[in-house]
Amino acid sequence: MTDYTKTALDLAQEAMYRTSPNPRVGCVLVNNAGTIIGQGSTQRAGGAHAEVMALRDAEQRGNSPQGATAYVTLEPCSHHGRTGPCCDALIQAGITKVIASIADPNPAVAGNGFARLRAAGIAVDVGQGAEASRELNLGFFSRMIRKKPWLRMKAAASLDGVTALTNGASQWITGPAARADGHAWRARACAVLTGIGTVLADNPRLDVRDVQTDRQPALVLVDSALAVPLDALLFAAKRPVYIYSAVAHEEKRRALEALGAIVITMPNNVGKVDLPAMVQDLGRREINELHVEAGYKLNGSLLREGLVDELLVYLAPKLIGEGMGMAQMTPLAALSEAHALSFHSVDRIGEDLRILARLQGRDRF
């Protein structure tokens, strides 16, 4: 991987909190002398993509992109969405070579961007930084290929796996550094999901406060009986709020919609919210990454339904003993029935450990 591709990936990383539902992309323009003449990353949805930002940067610096090479972390788009096609912008600018990390999984692009560049006489090379680019955009790839978001379940626990005391108290098991890091994971998500049990017990805001971001993720609430109080703090932040219920309570629905919430009635055959259908519906609503901060009952339901892709677990150096676990699980008859995980990363965050573990095979799509 060249330094130019690494720089483009760094630019994509800097766009982590703002591009939803678009992918995080970086672009670097390099002239024949090997000098970077422009660079940029994708802006908020409706704003310029990375390639256009890099071309603008070159213009502002007084540099001509004619004959330059573009290093970009995702295939330049070829369709009219919220903005025009980036491949056309590169062609019109006189770029002679594009070095891209990976093809865009969006069916509206999916190789068409590369084809149009080649048809215009531009050399195209694909593959540098592919794994890193896909990892940055795993939720986007999930939505485009699987038609549903990448679902990450977050939990904070003691070393013996307790997430709350038997009386429900859980603040604070982990330290301030881990809590701030958890806000960073919230910020990168398109939506944060919780259950009515958590809302009634803790009245959380579930917004991003400990990291700088100008975009709050949407809030998704699983509330079968529409029991959420109208003065719940989750309505305080300016963001979309999706409430999935199992009952059509018209008066309460109208009251919630007056607060700006979107109420979706989606029952299963036992009178609860149909969780698989909900996740598919969130994919249709352009949710790439779904970040779950819920109680052990909803966590258990999501695991039993096979909807969890990844666990983000913060472990504190404490032993609590009796208390609530991460998820309410059905007793197993054999160890072979356990949910098999693969450790993706293990890091020290302040005094705590952060473990990112994936359900085996979930990222193979």
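This is a predicted model: local features need pLDDT of at least 70, side-chain atom pairs count only at pLDDT 80 or more; totals for chains, interfaces and linings use all residues.
As a reminder, strands of a sheet pair through backbone hydrogen bonds, and they can do so in parallel or antiparallel fashion. Here we have an open sheet of five strands, and if you read across, the order is β2-β1-β3-β4-β5. The pairing in this sheet is mixed. Which strands sit at the edges? They are β2, at 36–41, and β5, at 123–126, each of them pairing on one side only. Going from one strand to the next, the twist averages 15 degrees.

Something also packs on that sheet, namely helix α2, residues 50–61. Helix α2 touches β1, β2 and β3, and its direction makes about 140 degrees with that of β2.

On to a pair of helices. Two packed helices are described by the angle between their axes and the distance between those axes. For α3, residues 86–93, and α4, residues 112–119, the axes come within 9 Å and cross at roughly 20 degrees. Angles under 35 degrees count as roughly parallel, so α3 is roughly parallel to α4. The crossing of these two helices is right-handed.

And who makes the contact? From α3 you have C87, D88, L90 and I91, and from α4 you have G113, R116 and L117. Sorted by class, that contact has four nonpolar residues, one polar and two charged.

If you like to think in domains, UniProt has an unreviewed entry here, and it places the feature "domain: CMP/dCMP-type deaminase" at residues 1–125. Over residues 1–125 the chain is 32% helix and 18% strand. The end C-alpha atoms of that stretch are 12 Å apart.

Two backbone details before I hand over. Which peptide bond is cis? That is the one from S20 to P21, with omega near 5 degrees.

Thanks, everyone, and I'm happy to take questions!

Definitions and conventions:
Residues are numbered from 1 along each chain as its sequence is written. Side-chain values use heavy atoms; hydrogens and water are left out. Axes are lines fitted to C-alpha atoms, for helices over the stretch in contact, and angles run from 0 to 180 degrees between N-to-C directions. Helices (H or I, at least four residues) and strands (E, at least two) are DSSP runs, numbered from the N terminus. Angles under 35 degrees count as roughly parallel, over 145 as roughly antiparallel, 65 to 115 as roughly perpendicular and the rest as oblique. A crossing is left-handed if the near helix is turned anticlockwise from the far one by less than a right angle, and right-handed if clockwise. Contact means heavy atoms within 4.5 Å. Ala, Val, Leu, Ile, Met, Phe, Trp, Tyr, Cys and Pro count as nonpolar, Asp, Glu, Lys and Arg as charged, and the others, Gly among them, as polar. UniProt positions are given in the numbering used here, feature names are shortened, and annotations may be inferred rather than shown by experiment. Two strands pair if DSSP finds at least two bridges between them.
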